Amino acid sequence: MSNHLFDAIAAAIPDRGKTLIELGDGTQISYGRLFDLVERLASHLIRAGVVPGDRVAVQVEKSWENLALYLACVRAGAVYLPLNTAYPLAELEYFIGDAQPSFVVCRPESEAGVRGLCARLGRATVESLGTRGDGTLLAAAADAPIRPVVDRDAEDLAAILYTSGTTGRSKGAMLTHENLLSNAQVLVDYWRFTGEDVLLHALPIFHTHGLFVASNVILLAGGSMIFLPKFDADEVVRLLPKATSMMAVPTFYVRLLEHPGFTRALTKHIRLFTSGSAPLLAETHRAFSERTGHAILERYGMTETNMNTSNPYDGDRIPGTVGFPLPGVELRVADVESGRVLPQGEVGVLEVRGPNVFKGYWRMPEKTQAEFRPDGFFITGDVGRIDERGYVHIVGRAKDLVITGGYNVYPKEVETEIDAIAGVVESAVIGLPHPDFGEGVTAVVVREKGANLGEEDVISALADRLAKFKQPKRVFFVDELPRNTMGKVQKNVLRDTYAGTYERGAA
Ligand code: AMP
């Protein structure tokens with residue numbers, strides 16, 4: 001009788017009186033208080049008819065009760081399905097129709113719409129949960145008779161997370177108890193998390209980074225977190241002195257560096273800053289080291305695989321790299337088309353295998369089959385290489401590769417050269433339909449304030465730096481690059497915006 005993930009998390013509770021979560025206003029939630037709610041919510045789910053394997057879809061704002069709901073699903077043997085709060089009702093229809101949850105939790109303000117939708121789809125009990133203990137869920141659960149922890153094996157599903165889906169429909173990545181547990185255990189060890197740790201948590205918890213990497217690691221280490229509803233540089237600056245560690249997406253670090261109050265003294269008690277979910281510019285890494293004396297530890301992972309690689313805790317954290325495969329994770333580089341495994345140093349698609357890798361896409365057996373090699377390696381779609389010291393470098397997504405006149409251009413190589421030009425803050429290189437070349441290399445550039453830099457300056461600065469076919473044919477300037485909540489540049493948005501650039505007759 002056991003529940004693979006929940007038992008491990010419950011066994012790691014250090015002391016029920018210890019603070020697990022501190023909120024921005026200083027409110028402290030002890031382990032005991034949180035796990036009492038977990039028990040109550042899990043029992044309520046069971047009373048409402050949720051049986052093992054049922055999906056529980058949750059689209060709510062971040063709160064400690066939301067974290068309890070995740071753990072309650074695991075305890076009840078359900079499959080937790082968090083949804084980005086940015087999805088409007090119209091998009092929710094796809095997720096609810098696809099995942100067929102038997103229980104849905106939404107924000108109080110969207111309750112009427114979600115109830116209507118679920119009634120129409122013939123699905124699910126609907127409850128709501130707000131950020132101040134409001135909504136129907138907590139009240140409904142209050143009198144649920146406590147039920148025992150539900151048995152679940154290592155291979156049973158604990159969660160389904162939909163991928164951000166910049167091309168085509170979002171896919172539901174099925175994550176097992178062992179996927180989540182094994183990865184969190186490895187990270188606790190690799191990054192040396194202990195009960196002494198206080199993690200500054202400003203990430204959303206509908207995504208793998210804030211939910212699994214951050215929360216599961218702290219729970220298994222028996223540590224504490226300062227839980228902020230979202231990233232706010234002033235709040236982070238105010239609260240950092242109370243923390244020992246912070247996990248972030250690169251934009252958080254960029255914003256902190258822009259904050260006048262972000263000083264070396266403020267980070268004195270921090271032992272670890274990690275970055276992931278999007279590439280951290282080498283320049284940000286260096287600027288951060290100069291300001292604080294801390295080398296940000298960059299790691300690489302994805303919804304489907306949890307974390308794959310990490311820079312070392314001891315040893316060189318090299319800017320622009322994502323470090324080594326984590327213990328238990330095998331990583332190789334293969335030819336994008338043929339799948340032939342490439343020798344060290346060559347650029348190709350990264351493939352991974354290990355206990356961290358998901359079970360497949362929900363109700364998409366063909367898609368799942370297409371993304372795994374016969375020997376069990378998952379084709380990540382990220383393009384990169386392994387250097388002579390074993391560090392993994394990512395050069396971009398395979399689908400962002402630009403093919404121009406039959407030549408492959410890796411955007412990162414061009415972006416790195418553009419970013420080095422005086423007056424450039426950052427850039428994104430994309431391929432756009434081109435009548436002669438198939439795709440035309442195109443750069444979208446953010447200039448420093450007041451920089452006197454034009455299209456011709458960028459093109460001529462690259463003339464001796466890059467082969468002709470890699471040089472952008474057009475350069476556009478923008479105030480900022482479009483990014484999603486995790487800080488990823490949305491190249492699909494840029495491709496749409498500039499789609500007609502090379503059409504015959506275009507100016
Ligand atoms: P998600 O599933 O939303 O976590 O997105 C995963 C994708 O984010 C990966 O496939 C990579 O393309 C990208 N990613 C995550 N971490 C890094 C990193 N450290 N450097 C570059 N890209 C990253």
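This is a predicted model: local features need pLDDT of at least 70, side-chain atom pairs count only at pLDDT 80 or more; totals for chains, interfaces and linings use all residues.
**Entry 1: Arg-132 and Asp-134**

I began with the side chains of Asp-134 and Arg-132, which meet in a salt bridge at 3.5 Å, N to O. For this I count a side-chain nitrogen of Lys or Arg within 4 Å of a carboxyl oxygen of Asp or Glu. Asp-134 is partly exposed, with a relative accessible area of 26%, whereas Arg-132 counts as exposed at 69%. My cut-offs: buried is under 20% relative accessible area, exposed is over 50%, and partly exposed is in between, with a 1.4 Å probe and protein chains only.

Residues are numbered from 1 along each chain as its sequence is written, and side-chain values use heavy atoms, with hydrogens and water left out.

How many salt bridges does the structure hold? I found 26. Side chains of opposite charge can pair when their charged atoms come close.

I looked next at Asp-143 and Arg-47, whose closest N and O atoms are 3.0 Å apart in their salt bridge. Asp-143 lies in the loop between α6 and β7 and Arg-47 in helix α2, so the pair ties together parts that are 96 residues apart in sequence. Helices (H or I, at least four residues) and strands (E, at least two) are DSSP runs, numbered from the N terminus. Asp-143 is exposed at 56% relative accessible area, while Arg-47 is partly exposed at 35%.

Then I turned to Glu-426 and Arg-483, a salt bridge with its closest N and O atoms 3.0 Å apart. This pair links distant parts of the chain, 57 residues apart: Glu-426 sits in strand β23 (residues 424-434) and Arg-483 in the loop between β25 (474-478) and α15 (491-497). Is Glu-426 buried or exposed? Glu-426 is buried, with a relative accessible area of 14%. Arg-483 is partly exposed at 31%.

I also noted a network of salt bridges that links Arg-332, Glu-351, Arg-373 and Asp-375.

**Entry 2: a negative patch**

Which residues gather in a patch of negative charge on the surface? I listed Asp-7, Asp-151, Asp-153 and Glu-155. Patches are made of residues with over 30% relative accessible area and no salt bridge, with like charges joined within 9 Å and nonpolar side chains (Val, Leu, Ile, Met, Phe, Trp, Tyr) within 5 Å. Lys and Arg count as positive and Asp and Glu as negative, with His and the chain ends not counted. The place of a charge is NZ of Lys, CZ of Arg, CG of Asp or CD of Glu. Areas come from the Shrake-Rupley method with a 1.4 Å probe, and for residues only the protein chains shown count as cover.

Glu-155 is partly exposed, at 48% relative accessible area.

His-44 belongs to helix α2 (residues 31-47) and counts as buried at 6% relative accessibility. Leaving out residues up to four places away in sequence, I see His-44 touch Phe-103, Glu-127, Leu-137, Ala-140, Ala-141 and Ala-144. Contact here means heavy atoms within 4.5 Å.

Val-458 lies in helix α14 (residues 455-462) and is buried, at 0% relative accessibility.

**Entry 3: positive phi**

Most residues other than glycine have a negative phi. Ser-277, not a glycine, has a positive phi of about 85°. I place Ser-277 in the loop between β12 (272-275) and α11 (282-292), where Ser-277 is buried at 14% relative accessible area. Arg-363 has a positive phi too, near 55°, and lies in the loop between β18 (360-361) and α12 (365-370).

**Entry 4: Pro-435**

Where is Pro-435 found? I found Pro-435 in the loop between β23 and β24 (438-447). Pro-435 is partly exposed, at 40% relative accessible area. Not counting residues up to four places away in sequence, Pro-435 touches Tyr-502 and Arg-504. Pro-435 and Val-79 are 48 Å apart in space, C-alpha to C-alpha, and 356 residues apart in sequence.
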